[in-house]
Amino acid sequence: MSLLDTTFVQDLLDKVAGLGNDKGDARVKQITRRVVADMFRVIEDFDVTPDEFWAAVSYLTSVGQANEGGLLVPGLGIETFLDLRTDEAEKKAGLEGGTPRTIEGPLYIAGAPLTKAEARLDDGSEQGEVLFMNGQVRDMNGVPVAGAIVDVWHANTLGGYSFFDPSQPKFNLRRRIETDSEGRYRFRSLLPNGYACPPDGQTQRYLNALGRHGHRPAHIHFFISAPGFRKLTTQINIDGDEYLHDDFAFATRDGLIPPVVRVTDPAAIHAHGLNAPFARIEFDFVMHRDHAVAPATIVNRAHAEAA
Ligand code: MBD
Ligand code: FE
C-alpha cells in the first residue's frame, strides 16, 4: 500500500483541509483536500525529492515577486482551458456560433480614452506600418449593435505594451470606441509585433526547462460589451506571423485570423494622408445576447490601473 493511501495520511489530509470543523468555506475545504492529495500523489509517483520540492516553492515565490503569475498561467495552457470550459458550458446551454472567444492575457489596463465610432490608437511618435481596421458589431441575427464598446489594446512595433513598457505614452495603443448607429467602429493604428516573455524572467525560465519558446504571434486584443449582450473577450492575429500557429499562450483560433490587405495604390495612400503603403483589416464581431442559463462571461480579475 502506498503511503498516501494509509489511514494516517488520509486523516492528515482531512485535518489539513479543516474537514473536522464546521467553520470556514466548504468549497475551499473540498478543493484544498483534492489539491493537496493530488500533490502528495505527484510527490509519491515521481519520487519528488525534498530538494526538488523546495526548488518549486522557491520558483513560485519568484513568480509572485516578479508579478508573472498572469504570464505563467497562459503559458501553461490554463487560460485556454478556462476558455474551452466556457465554450463547453455555452454549447450545453444551446449557444453556438458568434465570434470565438480567446484569452484576455495579463496586459489589459482599464480606463482607456473613450470616443465615438473612431479613434487613432498611436500618437504619431512611433514609425511603423500604418493599420486601418474597421468593422461592425452585430447580434446572432445580423442586427447591428449600436453603442457597443470596442475596448482595444495591442503591442507596439517592438511587441511592448504601454504601462508595462514605461517608455510608451500613457494609454498608447489602448482605446475604447463606441459603435455608431450602424454598429460600426474604425481605428487607425500601427501594425503590432509579437510579444515575447522577458528572456530573463521566471516564466521563460520554466519554458526553457520544457524546451519551449515564449513568443506570441502579433495580435490585437478586444473586449466587446453592450447592454443586453454577453461580454466577448477575444483577439485577432496578424496573418503571416511566424508564430501564428505556435503561440506560447495557445490563443490562436480559427475565425480570428482576418486577411490583412496591403494597400499600395499611390492614390489610396495619398487619400489617407500617408506616404507609404499601409495595411487594412476588416473584422466584424458577432455577439450573443444575455442568456439565463449560460455562465456569465465577465471575468473578475485584478488589473493594474494607469496612474
Ligand atoms: C501578451 O500580449 C498576451 O496577450 C498574453 C496572453 C501573454 C503575454 C503577453
Ligand atoms: Fe497580448
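Donors are N, O and S atoms within 2.8 Å of the metal (3.2 Å for Na, K and Ca), and since water is not among the atoms, sites may look incomplete. The model is predicted, with local features needing pLDDT of at least 70 and side-chain atom pairs counting only at pLDDT 80 or more, while totals for chains, interfaces and linings use all residues. Residues are numbered from 1 along each chain as its sequence is written, chains are lettered from A and ligands numbered from 1 in the order in which they are written, and side-chain values use heavy atoms, leaving out hydrogens and water.

The protein donors are Tyr161 (OH), His219 (NE2) and His221 (NE2), at 2.0 to 2.1 Å from the iron ion. Distant parts of the chain are linked in this way, with Tyr161 in the loop between strand E4 (149–154) and strand E5 (174–178) and His221, 60 residues apart from it, in strand E7 (residues 219–225); strands are DSSP runs (E, at least two residues), numbered from the N terminus.

Ligand 1 has polar contacts (pairs of N or O atoms within 3.5 Å) with these residues too: an oxygen atom of ligand 1 lies 2.9 Å from a polar side-chain atom of Tyr161, 3.2 Å separate a polar side-chain atom of His219 from an oxygen atom of ligand 1, and for His221 the distance from a side-chain N or O atom to a ligand 1 oxygen is 2.9 Å. Taken alone, ligand 1 exposes 260 Å², of which the protein buries 100%, the areas coming from the Shrake-Rupley method with a 1.4 Å probe.

Terms used:
A polar contact is a pair of N or O atoms within 3.5 Å; within protein, one must be able to donate a hydrogen and the other to accept it, and residues adjacent in sequence count only if both atoms are side-chain atoms. Helices (H or I, at least four residues) and strands (E, at least two) are DSSP runs, numbered from the N terminus.
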